[in-house]
Amino acid sequence: MQKTTGLTNLSAELSLIAEKINRGERITPEEGVLLYEKADTGVLGILATIVKKRHSGDKVFFNRNFHIEPTNICIHNCLFCSYRRRINEKDAWEYSLEDIAGIAASHASELVTEVHIVGGVHPSRDLDYYCRLIKIVKKELPKVQIKAYTAVEIDYMVRKAGLGMKEGLLKLKKAGLDSIPGGGAEIFDEELRSKIAPDKTSSEKWLSIHETAHEAGIPTNATMLYGHIENYHHRIDHLNRLRTLQDKTMGFNCFIPLKYHRSGNTMTDKPETTSVDDMRNYAISRIFLDNIPHLKAYWPMIGKPMAELSLSFGVDDLDGTIEDTTRIYSMAGSEEQNPSMKAEELIAVIHKNGLTAVERDSLYKTLKIYRKE
Ligand code: V47
Ligand code: SF4
């Protein structure tokens, strides 16, 4: 009988995982970790593309959006955050509702369909203020969908109002909230979370806020901050908690991996992840999260060339057109300091890769299909 070497055992194990993925079967957390540790990067790209095609064929989605960040004043102390300031500290900002109306109005002539509103957890803002903010934006831009407030901001405003979570979320929905972005998830492992985001909404609470939102008919996104002090087991644990909740509610629209940027904060001396790590992470996220329809690359974070490459690693959604005014990443040293990409440029990148560009609304309804001529 032929003696098997460690190497052939490994490749046999990886082949079995690849066959499972090819057949459309779910992989286990242990298999997910093995993919992170041992799988060939090219093979991961091929497998992630198989899964991506099952969800969205040759389509790549984008939407026309802009950001409003009402304030960077925040009560929390996340170690990875380069953006948070205290009241009266240098570089702190807080817009009045009039300022926000002005920002919204300045986008009235554009073809935007979504505004993404997130900021710090300001100690003197409350649920009524955040409802008024939504109403003011809706008044200026009645057709634009509002994706607003992370679970961390919502946790604070609803607790402060003394309401139950469902009640608070329904108030926001009534004011005009269409969906909830994926921020604040960071990394779910409790030990790590207590180190990097010591006083923030717990993982359990983050997941329960998203679950309640789904029950209230508000779709949400999910993120994972990676490339800091976590290991592959922590990443898979994070993905697994999302997959489990999605099995229950099917309320997540998309998953967005967020690469940790270290400039302006003191969390770790570790170098940032390589682009190869980033592509592997997209691919494994796509493969593991078999029940979340979309995988988004937020290009201001990784830069345009890597966002293009991510289309070969399972990504089917590119975020960011018009003027991307978020300062969360530019203040942390991200690739794009003044990110701006016209829809035409995005469409050209998608076509260049032999794919079909689909303009979507905030809830992934198709608005227009752009085929390559
Ligand atoms: O929760 C903060 C992250 C998130 C850093 O839902 C950092 O469509 C890297 O969630 N390095 C907020 N990341 C942004 C966010 C998001 C972005 C794009 C689209 C969507 C969506 C959501 O930004 C925070 C945190 O995880 N973040 N600091 C940093 N130094
Ligand atoms: Fe505040 Fe968000 Fe920064 Fe944490 S990441 S300190 S919650 S602004």
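Predicted model: local features only at pLDDT ≥ 70, side-chain atom pairs only at ≥ 80, totals over all residues.
## Val 60 and its surroundings

Val 60 lies in strand S1, which covers residues 59–62. Because its relative accessibility is 0%, and buried means under 20%, Val 60 counts as buried. Leaving aside neighbours within four places in sequence, the contacts of Val 60 are Leu 311, Asp 316, Asp 317, Leu 318, Ile 350, Leu 355, Thr 356, Ala 357 and Val 358. The C-alpha atom of Val 60 is also separated by 10 Å from that of Asn 353, a residue 293 places away along the chain.

Strand S11 (residues 356–360) is mostly covered, with 5 of its 5 residues buried.

S11 and S12 form a hairpin with 5 residues between them, and in the turn Tyr 364 has a positive phi of about 70°.

## The sheet S2-S3-S4

Three strands form an open sheet in the order S2-S3-S4, with parallel pairing. Its edge strands, each pairing on one side only, are S2 (65–68) and S4 (145–148). Neighbouring strands in this sheet are turned against each other by 25° on average, with direction ignored.

Strand S3 (residues 114–117) and S4 pair in the parallel sense over 4 bridges, and His 116 stands opposite Lys 147 in S4. Helix H5 lies across S2, S3 and S4, and runs at about 150° to S4.

Two packed helices are described by the angle between their axes and the distance between the axes. For helix H4 (residues 97–105) and helix H5 (residues 127–140), the axes come within 9 Å and cross at roughly 30°. Angles under 35 degrees count as roughly parallel, and H4 and H5 are therefore roughly parallel to each other. H4 passes H5 in a right-handed crossing. On the H4 side, Leu 97, Ile 100, Ala 101, Ala 104 and Ala 105 take part, and they meet Tyr 129, Arg 132, Leu 133, Ile 136, Val 137 and Glu 140 in H5. Divided by class, this contact of H4 with H5 has 9 nonpolar, no polar and 2 charged residues.

H5 also packs with helix H7 (residues 165–175), where the two axes come within 8 Å and cross at roughly 25°. That angle makes H5 roughly parallel to H7, and the crossing of these two helices is right-handed. The contact is made by Leu 127, Asp 128, Cys 131, Ile 134 and Lys 135 of H5, together with Gly 168, Lys 171, Leu 172 and Ala 175 of H7. The residues of the contact of H5 with H7 divide into 5 nonpolar, 1 polar and 3 charged.

Key. Residues numbered from 1 in each chain as written. Chains lettered and ligands numbered in written order. Heavy atoms only, no water. Buried < 20%, exposed > 50% of the residue type's maximum accessible area, 1.4 Å probe, protein only. Contact = heavy atoms within 4.5 Å. Axes fitted to C-alpha atoms, helices over the stretch in contact; angles between N-to-C directions. Parallel < 35°, antiparallel > 145°, perpendicular 65-115°, else oblique. Left-handed = near helix turned anticlockwise from the far one by under 90°. Nonpolar A, V, L, I, M, F, W, Y, C, P; charged D, E, K, R; others polar. Pairing = 2+ DSSP bridges.
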